Each structure stands twice: as C-alpha cells, then as structure tokens.
Amino acid sequence: MTGTAEGADRPGTETLEHDAPYLDTLDDEALFATLLGSQAKAIGAVERARPALIGATVAAAEALREPGSRLIYCGAGTSGRVALLDGVELNPTFNWPEARLHILVAGGSASIVEAQEGAEDDGAAATRALDELRLGAGDVVVGLAASGTTPFVVAALEAGNRAGALTIGMANNAGTPVLAKARCPVLLETGAEALAGSTRLAAGTSQKIALNIFSTALMVRLGKVYRGRMIDMRVTNRKLQGRAVAIVRDIVGCDEARARKALAACEFDVRQAILVARGATRAQALALLERHGGRIADADRDLTQQG
C-alpha cells in the first residue's frame, strides 16, 4: 500500500495509508477497526519475506553451530526494544548461553524504559561496542531498523562485515542501507502506517513476528527442540517444574511419578531426564548425549535401539 501523494518523496513507513481515514475523526468502533486492520499488514509483509527469512535462518544456524560463535542483535528505538524482547527469552526458553548472546540497543540500558531517540544517529557507538566484543567470522549480527537508514544499525552491520561475521538486516523500506549492507537482507515491506511515521505499529509488529520465527526456527535447527517441546529450557520455578514433568511424560509416555524421579536425578535437566525415564542411568544419559553432540533425538533413538 502506498502513501498519500504529498508523501510520495518519503519512505513508506513515514506516510499515511492511502485513502485511510484520519484516526482523530473516528468513533471508538471505527478507530479500533482501523488500527486492527493496519496491524494485519504485518503478516503479509512477513509472508512476502519468507524466502529471505528462511535463508537468513539457515545461514545463522550454520554459523552458530560452531562453538563460541555468538548471536548479536542491534537496533534503536522500537526496533531495539523488539530485539531486546526476543533476545532475552533465548536463555530461559532454550538455555542459549548468555555469553553467546549480546543485544545492542542505541542509547544503552536507559533507552529501554525511556526513549533516547537521538542515540540512533550515533553510528560510532555501535562500532565501538562491536569492536569491544572482538567480532569473529563465526558470529551473527542481526540489525533491525524500520526506516532502513538508522546510522547505529548501519554501522553495526558494517562492523560485522569487516569482521567476516554473518550479517542479517531487517528493514521495512526497500532500497535502504540496512538491506544493502547485510549479507542476508530481509525486507518487511509494511508500507504506510495508519498513524503516519509511527513504526511501533505495523512495522514494529512485523519485526516482532519475523524475530519470533527467526529465533525459534534457529533454536529448532540447533537441537533445542524435540518433538515440539522445549527440551533445553531452564527450570527455575514451580511452574517450569510442572512444564518439565509434562514434557518428559509426553515424550517418554510415562506417569508423573517416573517423570519427576528422572528429573530429580538429573537436577531438572530435561534432555537427560528423558533418557533416564526411558531406563538409562544418569551416567549413561550423559554418555549418550556426549556421543551425539547433545542431540537428544539421536541419543533417544540410540537408547531405544539398544533396548
């Protein structure tokens, strides 16, 4: 969808939806309907980006299989906060090591609770932050910017390229530097907004959807999921203990008592507990997982065939 005629010389995300009613003229029902309809554009944008998003995920999985390689998110404003939301979930959900994840938000931690809009222009800050991380060829840098022009994100991608890292750029406007600088460009073309220039709406939603898909698919390919369950999650509270019990029960087909006993014997390591609930000792479970590089699917199959 294109912007209005007077916005033809501006990026699509900075313009108003063509023929869209002015939000401030609508009654409550129409206002809700208009905003909801505009959000639906995010799904279409991600669908059109499917080949690029799949390619980026495959490339990232290959890079991150190398020991010590790191996943680094970089963004400013809404995009930075979207990146933060996605990144912070990777450790509890998939036990992705904290040392292998970095989230660079323009303006630092202060920008999480209070907008630091001017920080997005400080490309040198991104360069310094990545230089301090000593980027390597095995690292993956994911840069997000709705406009596609944010200096902080562009500089991060340039630093990643210089280091030989895999660079992935997500932007909501075509033909922009974020896409041009990335080895894996992902265009999420949401177009004009119901509220002109407010990229926290359709553009931000598309980025959240894209990152949800990217990071989840990435963790699946890295062996963090088995039979549709989070077998590498960190069990840190009572709710998650119950979830771990359910996972072991569902995969092994055992009762709750057996699942709890196996988890207790393995200090609530779900992957080990699956094998112990099948009849292995913890030592045997550890040996099987080591033999198969931590891949629970292969370890479970090996144990089943032995039985």
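Which residues of α12 meet which residues of α13? Let's start there, everyone. Arg258, Ala262 and Leu263 in α12 meet Val270, Ala273, Val276 and Ala277 in α13, where contact means heavy atoms within 4.5 Å. Six residues of this contact are nonpolar, none is polar and one is charged. Here Ala, Val, Leu, Ile, Met, Phe, Trp, Tyr, Cys and Pro count as nonpolar, Asp, Glu, Lys and Arg as charged, and the others, Gly among them, as polar.

A quick word on the model. It is predicted, with local features needing pLDDT of at least 70 and side-chain atom pairs counting only at pLDDT 80 or more, while totals for chains, interfaces and linings use all residues. Residues are numbered from 1 along each chain as its sequence is written, and side-chain values use heavy atoms, leaving out hydrogens and water.

Back to our pair. Helices here are DSSP runs (H or I, at least four residues), numbered from the N terminus. The axes of α12 (residues 256–265) and α13 (residues 270–277) come within 8 Å and cross at roughly 125 degrees. That makes α12 oblique to α13. For the terms, angles under 35 degrees count as roughly parallel, over 145 as roughly antiparallel, 65 to 115 as roughly perpendicular and the rest as oblique. Axes are lines fitted to C-alpha atoms, for helices over the stretch in contact, and angles run from 0 to 180 degrees between N-to-C directions.

Next, α13 has another partner to look at. Helix α11 (residues 238–252) packs with α13 at an angle of about 45 degrees, their axes 10 Å apart, so these two helices are oblique to each other. From α11 come Ala244, Ile247, Val248, Ile251 and Val252, and from α13 come Val270, Ala273, Ile274 and Ala277. This contact has nine nonpolar residues, with no polar and no charged ones.

Now for α4 (residues 77–88) and α10 (residues 202–221): their axes come within 10 Å and cross at roughly 30 degrees. α4 and α10 are therefore roughly parallel to each other. On the α4 side the contact includes Thr78 and Val82, and on the α10 side Gln207 and Leu211 are among the residues. Its residues divide into four nonpolar, six polar and two charged.

Finally, the largest pocket. A pocket is an open set of points on a 1 Å grid over the protein atoms alone, where a 1.4 Å probe fits, with protein on both sides within 12 Å along at least five of seven lines; lining residues have an atom within 4 Å of a point. Sixteen residues line the largest pocket, and Arg65, Leu222, Gly223, Lys224 and Gly293 lie nearest its centre. Its lining has five nonpolar, three polar and eight charged residues.
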